[in-house]
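Please read the following note with the model open beside it. The points move from single elements to the sheet and then to the cores.

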Amino acid sequence: MRDYFVYTTTTDPRASVMLAELTQEYDARYGNLFSPGGAAEEMRRYPPETFAPPHGNFLLLLRQGQAIAGGAFKRLDEHTAEFKRIWTHSQFRRQGLAGLVLQELEAQCQRQGYRQIYLTTGCRQPEAVGLYLRHGYQAQFDPEGDLEALRTLPFTKAVPRQTSAQSHPAHWTELAGIAV
């Protein structure tokens, strides 16, 4: 069984399960903490073209044609991409898939010329905080502080400079037995 990444759009039917489960999970964790409209309001906040080249991208990690993880980025400024919608299907967690999604998003940011990554997670997602810290993201808050009071937890990470050998816009590569 091979997992592989596809670059697509948020309107891709294969993304619908991912986005629906992500919305449900946000609602379960946060309710209307961030907005009266709950997670659905957040998910409608950006039109599909926000996560499309040349300034953004959206990817799905597929297993047997089904989305099991994914994520996106959009342009924050000329040098900075903002990661959004990083997700792993609830049945496939604890397999390192979110780390693979992060690595692929980082590589694509590099291919698209970004030098910095910015992302946020919510105060009620300790597993996401751990993931980002394990992958070299720098917390822009005190991890020992009152996270509930902060609500939104920002992180940053520098993107390594691209070499000429890395400049091709590959949509997949072989990595540890996984087509990505």
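**Note on the predicted model**

1. Just after helix H3, Gly113 adopts a positive phi of about 90 degrees. The structure is a predicted model, in which local features need pLDDT of at least 70 and side-chain atom pairs count only at pLDDT 80 or more, while totals for chains, interfaces and linings use all residues. Residues are numbered from 1 along each chain as its sequence is written, and side-chain values use heavy atoms, with hydrogens and water left out. Helices (H or I, at least four residues) and strands (E, at least two) are DSSP runs, numbered from the N terminus.

2. H3 itself has 15 residues, and its first and last C-alpha atoms are 21 Å apart, close to the 21 Å expected at 1.5 Å a residue. The expected span of a helix is 1.5 Å times one less than its number of residues. Twelve of the 15 residues of H3 are buried, so the helix is mostly covered (buried means under 20% relative accessible area, exposed over 50%, and partly exposed in between, with a 1.4 Å probe and protein chains only). Among these buried residues are Leu97, Leu100, Glu104 and Cys109.

3. Leaving aside neighbours within four places in sequence, Glu106 is in contact (heavy atoms within 4.5 Å) with Phe83, Ile117, Tyr137, Lys157 and Val159.

4. Helix H1 covers residues 16-30, and its end C-alpha atoms are 21 Å apart, which agrees with the 21 Å that 15 residues should span at 1.5 Å a residue. Its buried residues include Met18, Leu22 and Tyr26. The cover over the buried residues of H1 includes helix H2 (38-43), E2, E3, E4 and E5. Gly31 follows H1, with a positive phi near 55 degrees.

5. Seven strands form an open sheet of mixed pairing, in the order E1-E2-E3-E4-E5-E7-E6. E1 and strand E6 (138-139) stand at the edges with a single partner strand each, so one side of each has no neighbour in the sheet. Two strands pair if DSSP finds at least two bridges between them.

6. E3 and E4 run antiparallel and are joined by seven bridges; Ala72 has Lys84 in E4 as its bridge partner. E5 and E7 also run antiparallel, with seven bridges, and Thr120 stands opposite Pro154 in E7. Two bridges join the antiparallel strands E6 and E7, where Gln138 has Thr156 in E7 as its partner. E7 is mostly covered, with five of its seven residues buried.

7. H1 lies across E2, E3, E4 and E5, and runs at about 90 degrees to E4. Such angles run from 0 to 180 degrees between N-to-C directions, the axes being lines fitted to C-alpha atoms, for helices over the stretch in contact.

8. Which residues have the most contacts inside the largest nonpolar core? They are Phe83, Tyr132, Tyr137 and Phe155, in a core of 29 residues. A nonpolar core is a set of buried Ala, Val, Leu, Ile, Met, Phe, Trp, Tyr and Cys residues joined through side-chain atoms within 4.5 Å. H3 gives the most to this core, with seven residues. A second, separate core has 16 residues, including Ala15, Leu19, Leu22 and Phe51.
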